[in-house]
Amino acid sequence: MLTCTLYKAHDLPPSEIAYWRDLAAVTPDFASPLLSPDFMQAVAQVRDDVYVAVYRRGAQTIGFLAHHRRPNRFARPVGAPFSDYCAIITAPDPGFTIAQALELAGIDRFHVAGIVDPYGIFGEPIANATPEDAYAIDLRDDEPGNNVVKKLAKNINRLRRQLADQVGEPRFIIGDDNRRHFDAMIDLKRAQVRQTGLHDFLAAPWVQRLMDNLMAAPKDGLHGCLVTLMAGDTPLMYQFGPRLADRAHPWISSYDPAFGAYSPGQIFLNDCRMPLKEAGISWYDLSTGQQHYKPAFCNHHSIVHNAMVFSSSPAGRFKQGFLKAGRRLQRAIRPVDHLLNRIDRRMDVIASLELDTVARLRGFTHAVVTAPKRKGSSDA
């Protein structure tokens with residue numbers, strides 16, 4: 001019989017953490033730092049709503065679901081909205097569904113993004129799922145390539161020469177531990193967010209603590225990996241996110257607009273492959289979003305799904321039916337369908353970042369007021 005034991009993050013037994021790592025080690029789809037127990041523990045250091053549902057059949061543990069437990073039996077993946085990937089960590093042939101797993105864990109609704117489902121727990125097709133393209137730079141080959149066409153490559157070479165002549169020779173610092181560079185990266189990103197009218201996803205206190213903790217973490221475990229593109233002694237661009245072993249997952253990308261004429265983003269993505277590889281990184285995961293440039297510079301593509309999934313309990317089925325009715329109504333008013341989807345995504349991001357009512361209301365108000373400024377801008 002399938003059972004579920006719910007643990008607060010800090011109470012998960014070391015033996016279970018070790019088995020979680022074992023399961024991830026034998027399934028490449030679970031290798032992301034975001035699906036590791038280390039990431040769950042890092043988030044639990046800055047939030048008190050992190051739980052792990054441990055599924056067992058008899059005495060044998062067969063699966064783990066890390067999540068944030070929110071009011072009204074609602075849950076999000078641990079670290080949301082930074083959880084670009086979400087999964088129930090299991091061995092092959094787990095023998096249960098997401099609906100059963102949620103019911104046993106006391107969850108009616110689970111809002112998931114980037115579903116990783118090698119063993120079919122979420123079902124196929126995933127109900128109400130929205131597919132998204134995810135991209136990565138696979139560095140396991142001796143000479144990892146990309147999809148940059150000749151015309152673009154020629155332009156990047158021209159810009160690189162101009163940069164070298166006018167500012168300094170471009171070079172990378174992988175695992176940059178310069179705190180001034182880290183602070184500059186954060187400041188530049190927050191300035192960009194303010195300019196575009198998007199919600200400041202780096203303002204929430206728990207997010208600030210998470211980023212600081214990752215930056216300060218020892219490099220032999222899960223830690224924040226800052227990659228800095230320099231021109232001589234001048235920093236131009238930064239990417240930052242968690243790294244675990246040979247896998248890195250940048251969340252934040254920012255550049256100094258004073259050097260925008262050199263297209264530092266294109267130089268960064270075109271030239272970063274060998275420096276990353278030499279630093280021991282074999283997989284640089286750029287995930288979803290910003291689709292206009294990733295296909296050219298990445299050599300791995302996959303499709304992940306975003307969805308609201310429901311438990312098999314009566315309450316879960318009722319809430320699923322209510323959502324389907326709302327979706328039918330939304331599709332019936334097609335002129336505003338896309339707008340409503342955008343609003344829904346934005347409100348969910350704000351709700352996942354801001355943990356108290358006042359901060360959420362402030363965020364929702366800001367979203368409404370700045371809507372004209374965002375028209376035509378990216379949601380990334």
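Mentor: Helices (H or I, at least four residues) and strands (E, at least two) are runs assigned by DSSP and numbered from the N terminus. This is a predicted model in which local features need pLDDT of at least 70 and side-chain atom pairs count only at pLDDT 80 or more, while totals for chains, interfaces and linings use all residues. Residues are numbered from 1 along each chain as its sequence is written, and side-chain values use heavy atoms, with hydrogens and water left out.

Trainee: What is the omega of the peptide bond from Ala80 to Pro81?

Mentor: Most residues other than glycine have a negative phi, and most peptide bonds are trans. Pro81 is found in the loop between strand E4 (74-77) and strand E5 (89-90). The peptide bond that joins Ala80 to Pro81 is cis, and its omega is near 10°.

Trainee: Is Asn72 buried or exposed?

Mentor: Asn72 lies in the loop between strand E3 (60-70) and E4, and its phi is positive, near 60°, although the residue is not glycine. Buried means under 20% relative accessible area, exposed over 50% and partly exposed in between (1.4 Å probe, protein chains only). Because its relative accessible area is 64%, Asn72 is exposed.

Trainee: What is the phi of Asp93?

Mentor: Asp93 lies in the loop between E5 and helix H3 (98-105). With a relative accessibility of 73%, Asp93 counts as exposed. Its phi is again a positive value in a residue other than glycine, namely near 55°.

Trainee: How far apart are the side chains of Arg160 and Asp271, N to O, where they meet in a salt bridge?

Mentor: A salt bridge is a side-chain nitrogen of Lys or Arg within 4 Å of a carboxyl oxygen of Asp or Glu. Arg160 is buried at 19% relative accessible area, whereas Asp271 is partly exposed at 21%. The N to O distance in the salt bridge between Arg160 and Asp271 is 2.7 Å. This pair links helix H4 (residues 150-166), which holds Arg160, to helix H7 (residues 264-271), which holds Asp271, across a separation of 2.7 Å.

Trainee: Which side chain of opposite charge is nearest to Arg273?

Mentor: Arg273 lies in helix H8 (residues 273-278), and leaving aside its neighbours within four places in sequence, it is in contact (heavy atoms within 4.5 Å) with Ile137, Leu139, Pro144, Gly145 and Asn146. Lys and Arg count as positive and Asp and Glu as negative; His and the chain ends are not counted. Arg273 is buried yet has no salt bridge. At 5.9 Å, the nearest side chain of opposite charge is Asp271.

Trainee: Over the face of which residue does Arg47 lie?

Mentor: A charge sits over a ring if NZ of Lys or CZ of Arg is within 6 Å of the ring centre and within 35 degrees of the ring normal. Arg69 has its charged end over the ring of Tyr51, 5.8 Å from the centre. For Arg47, 4.7 Å from the ring centre, the residue is Trp206.
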